[in-house]
Amino acid sequence: MCLAIPGTIAIIEEETATIDYGGTTRRASVRLLPDVAIGDCVLVHAGFVIQKIDPDEGAELEALLKEVELL
Amino acid sequence: MNTIQTITERIANAAAGLPQTTIMEVCGTHTHAIRRHGIRQLLPENIRLVSGPGCPVCVTAEEDIALALALAKLPNVTLFCFGDMMRVPCGDESLLQLLSRGADVRIALSPLDALAFAKEHPAREVVWYGVGFETTTPHTAALLENAKRDNVKNLSVFSAHKTMPNALRALLGEDSGVDALLCPGHVASITGADAFRFLPEELRLPAAISGFEAEELLVAILALVTMQKSGNPALINAYPRVVKPEPNETARALVDAWFTPCDAVWRGLGMIPQSGLSLLPEHSKYDAVKRFALKPVVVPFRNACRCGDVLRGGIEPTECPLFGKVCVPQHPLGACMVSSEGACAAYYQYEGAGI
Ligand code: SF4
């Protein structure tokens with residue numbers, strides 16, 4: 001039930017977005033995150049877009065490992 | 001050398017010389033991901049991972065399940081719920097069994113499915129059975145807000161929603177045996193990372209918000225072990241591509257407009273003050289329990305299920321005498337065996353029944 005899935009916003013019509021999950025599309029509500037645009041990578045949970053995802057993954061892990069060094 | 005190996009080695013170095021250290025995860029998806037990636041096998045012997053009360057199915061009290069069953073039995077009611085709730089047993093009954101006996105129980109992929117159905121079937125009383133933590137409460141609030149906006153009168157909500165912080169406070173007080181906390185990434189994507197600051201600040205526990213990939217989990221564990229070693233607990237956001245310091249304001253405003261904290265019973269853990277959410281009094285006409293004048297149900301504790309100890313991180317699922325014998329995913333006795341996010345089910349699936 002807590003499973004959230006990343007996808008990309010393909011279409012927005014009022015409160016509903018069509019999300020592209022690498023080929024398969026599903027609809028989800030943007031009621032909880034109205035400030036999204038086509039092309040945004042987002043996290044979808046139980047039919048709702050809940051958060052935007054920053055795409056830059058590799059760099060992030062590096063930065064985190066540096067942060068841990070300072071603990 | 002790949003990243004996983006590098007991080008694993010750094011964990012081993014950081015853990016050297018530490019006494020037995022227990023890290024608790026409180027997210028069902030973490031429980032599942034940790035088993036799937038075999039994370040436990042990558043950690044040194046003195047670092048132990050335990051599952052806390054992070055699976056919403058597992059912590060829903062039998063009293064609440066009994067109320068949901070009572071709602072489903074009402075002749076004019078269509079009850080919508082998440083699929084995971086269908087098989088949770090209460091005594092000899094579950095929603096799935098009621099369905100096979102003709103009750104109108106439906107699985108929703110989104111709570112808004114209940115609203116669409118209510119509009120199409122104005123003669124039915126549609127009830128949304130809301131369970132879950134900060135990740136699902138805003139969905140229920142959005143459902144209610146849209147029902148009100150669209151003037152839909154035949155929809156109500158049975159709220160078994162819970163909140164994480166007060167439960168953690170109750171659970172992780174002194175002598176909890178837990179040394180550090182792996183914080184739930186998806187909950188934090190809604191609440192904001194700062195909602196978990198009380199762990200280091202009030203409870204002196206190292207805390208790290210983690211994602212769900214092997215590297216993400218390992219970096220978070222590395223941060224926890226490092227803090228444990230240095231004796232300086234802090235909060236690390238190891239999932240910054242999704243989790244921001246501040247909350248999702250739209251979600252928070254919706255939840256605040258509809259819900260108020262209340263005392264709640266957690267399965268296996270008992271009553272935890274102010275750890276549940278009920279509808280605000282001004283919205284009581286949307287409250288299914290009030291609308292159908294249901295009486296609270298007292299459910300006697302009857303079997304040898306050790307779910308409470310599993311949820312507290314006190315025992316491994318395999319230490320429950322029923323595990324893998326009478327309690328299996330096909331025939332769950334406790335809720336932890338029902339959802340794939342439950343600790344017992346995750347153990348059963350990835351580590352086999354025979355251990
Ligand atoms: S094995 Fe079954 S009965 Fe035992 S603690 Fe887990 S869910 Fe409860």
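The area buried between chain B and chain A is about 3300 Å², and carbon and sulfur atoms give 66% of it; buried area here is the accessible area, with a 1.4 Å probe, that two parts lose on being put together, summed over both. In chain B, Arg10(B), His139(B) and Arg241(B) lose the most area to chain A, together 19% of what that side buries. This is a predicted model, in which local features need pLDDT of at least 70 and side-chain atom pairs count only at pLDDT 80 or more, while totals for chains, interfaces and linings use all residues. Residues are numbered from 1 along each chain as its sequence is written, chains are lettered from A and ligands numbered from 1 in the order in which they are written, and side-chain values use heavy atoms, with hydrogens and water left out.

**The interface**

Chain B brings 45 residues to the contact and chain A brings 29 residues, where contact means heavy atoms within 4.5 Å. Between the two chains there are 10 residue pairs in polar contact, both at pLDDT 80 or more. A polar contact is a pair of N or O atoms within 3.5 Å; within protein, one must be able to donate a hydrogen and the other to accept it, and residues adjacent in sequence count only if both atoms are side-chain atoms. On the side of chain B that touches chain A, α12(B) gives the most, with seven residues. Helices (H or I, at least four residues) and strands (E, at least two) are DSSP runs, numbered from the N terminus.

Arg241(B) lies in the loop between β9 and α13 of chain B. Its side chain makes a polar contact with the side chain of Glu216(B) at 2.5 Å. Arg241(B) counts as buried because its relative accessible area is 13%; the class buried means under 20%, exposed over 50%, and partly exposed in between, with a 1.4 Å probe and protein chains only.

**Salt bridges**

Side chains of opposite charge can pair when their charged atoms come close. A salt bridge is a side-chain nitrogen of Lys or Arg within 4 Å of a carboxyl oxygen of Asp or Glu. The structure holds 23 salt bridges over all chains, and three are counted between chain B and chain A. Three examples from the structure follow.

| Pair | N to O distance |
|---|---|
| Arg149(B) and Glu15(A) | 2.7 Å |
| Glu62(B) and Arg267(B) | 3.6 Å |
| Asp150(B) and Lys119(B) | 2.7 Å |

The side chains of Arg149(B) and Glu15(A) meet in a salt bridge. This pair crosses between chains, from helix α8 of chain B to the loop between β1 (4-13) and β2 (16-21) of chain A. Arg149(B) is partly exposed at 49% relative accessibility, and Glu15(A) is partly exposed at 24%.

Glu62(B) and Arg267(B) also form a salt bridge. Glu62(B) lies in helix α5 (residues 62-73) and Arg267(B) in the loop between β10 and β11 (270-279) of chain B, so the pair ties together parts that are 205 residues apart in sequence. Glu62(B) is buried at 14% relative accessibility, and Arg267(B) is buried at 10%.

Asp150(B) forms a salt bridge with Lys119(B). A network of salt bridges links Glu15(A), Arg31(A), Lys119(B), Arg149(B) and Asp150(B).
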